[in-house]
Amino acid sequence: PPVTVFRPPAASAPAPVVLIAHGFAGSQQLMQPFALTLARNGGANVRVEVIGEGPELEANVARAAALGVDDIITFRTPALDVLQRIAAADVLVVASDYEGQPMVVAEALAVGTPVIATDHGLIAHRITNHGLGFVYPSGNSRALANIVGSLPDPASEDYRLLRRNCLDFAQCNSTGAFRAKIRQAMQGRYD
């Protein structure tokens, strides 16, 4: 279940970071660290929007309230504009421990959105080896919160390089690029 971190369109001042979860595992991993951050700092410049539905919704709403983070977390049912939100995102967080290569990662990379993921599966290998984002130890919600809290400024050169890496990786690994590589490899074999 991924979580998307993005900044809404800027008004006169930078908007707070917003997290959008598609499913509830990511929100569960993030709620406790955010509650600790709020307690330590007397507040946080973060809003969390959890997009999902199912039997866990009520329990998660109650958990957010119990942790005192219900003023920064909004729970919504799935919307049709998720891809547009990913495109506007600063980073996509994939908190899954069981998906090797979720489709949402390919979508994020295709629109130039860096990814934060667990150290599980192929996605961690790709992120690490191709400079596509950040990896944290599976189940370590504090490490995830630390990464989210220390993301590069979207206006920085480091962040622009991350986005460029994502776009380049997606282009080089697209279906069209794969077809071209096969055509090139097969050239002359069946003429």
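User: Why is Cys166 called buried in this predicted model?
Analyst: Its relative accessibility is 0%. Buried means under 20%. Cys166 therefore counts as buried.

User: And why is Cys172 called partly exposed?
Analyst: Cys172 has 45% relative accessibility.

User: How much of the protein chain is buried?
Analyst: Buried residues make up 40% of its 191 residues. The chain exposes about 10,200 Å². Carbon and sulfur atoms supply 54% of that area.

User: What makes up the lining of the second largest pocket?
Analyst: Gln101, Ala106, Leu109, Arg126, Phe169, Ala170, Asn173 and Ser174 line it. Helix H4 (103–110) and helix H7 (157–172) are the elements that give two or more residues. The pocket volume is about 170 Å³.

User: How does that lining divide by class?
Analyst: Four residues are nonpolar, three are polar and one is charged. Arg counts as charged, so Arg126 takes that label. Ala, Leu and Phe count as nonpolar, so Ala106, Leu109, Phe169 and Ala170 fall there.

User: What share of the contacts with a separation of 6 or more joins residues 24 or more positions apart?
Analyst: Such pairs account for 61% of those contacts in the protein chain. A contact here needs heavy atoms within 4.5 Å.

User: How many helices and strands does the chain have?
Analyst: Eight helices and seven strands.

Conventions
Residues are numbered from 1 along each chain as its sequence is written. This is a predicted model: local features need pLDDT of at least 70, side-chain atom pairs count only at pLDDT 80 or more; totals for chains, interfaces and linings use all residues. Side-chain values use heavy atoms; hydrogens and water are left out. On a 1 Å grid over the protein atoms alone, a cavity is a set of points where a 1.4 Å probe fits but cannot get out, and a pocket is an open set with protein on both sides within 12 Å along at least five of seven lines; lining residues have an atom within 4 Å of a point. Grid points are joined across faces, edges and corners, and a volume is the space filled by probe spheres set on the points. Helices (H or I, at least four residues) and strands (E, at least two) are DSSP runs, numbered from the N terminus. Buried means under 20% relative accessible area, exposed over 50%, partly exposed in between (1.4 Å probe, protein chains only). Accessible areas come from the Shrake-Rupley method with a 1.4 Å probe; for residues, only the protein chains shown count as cover.
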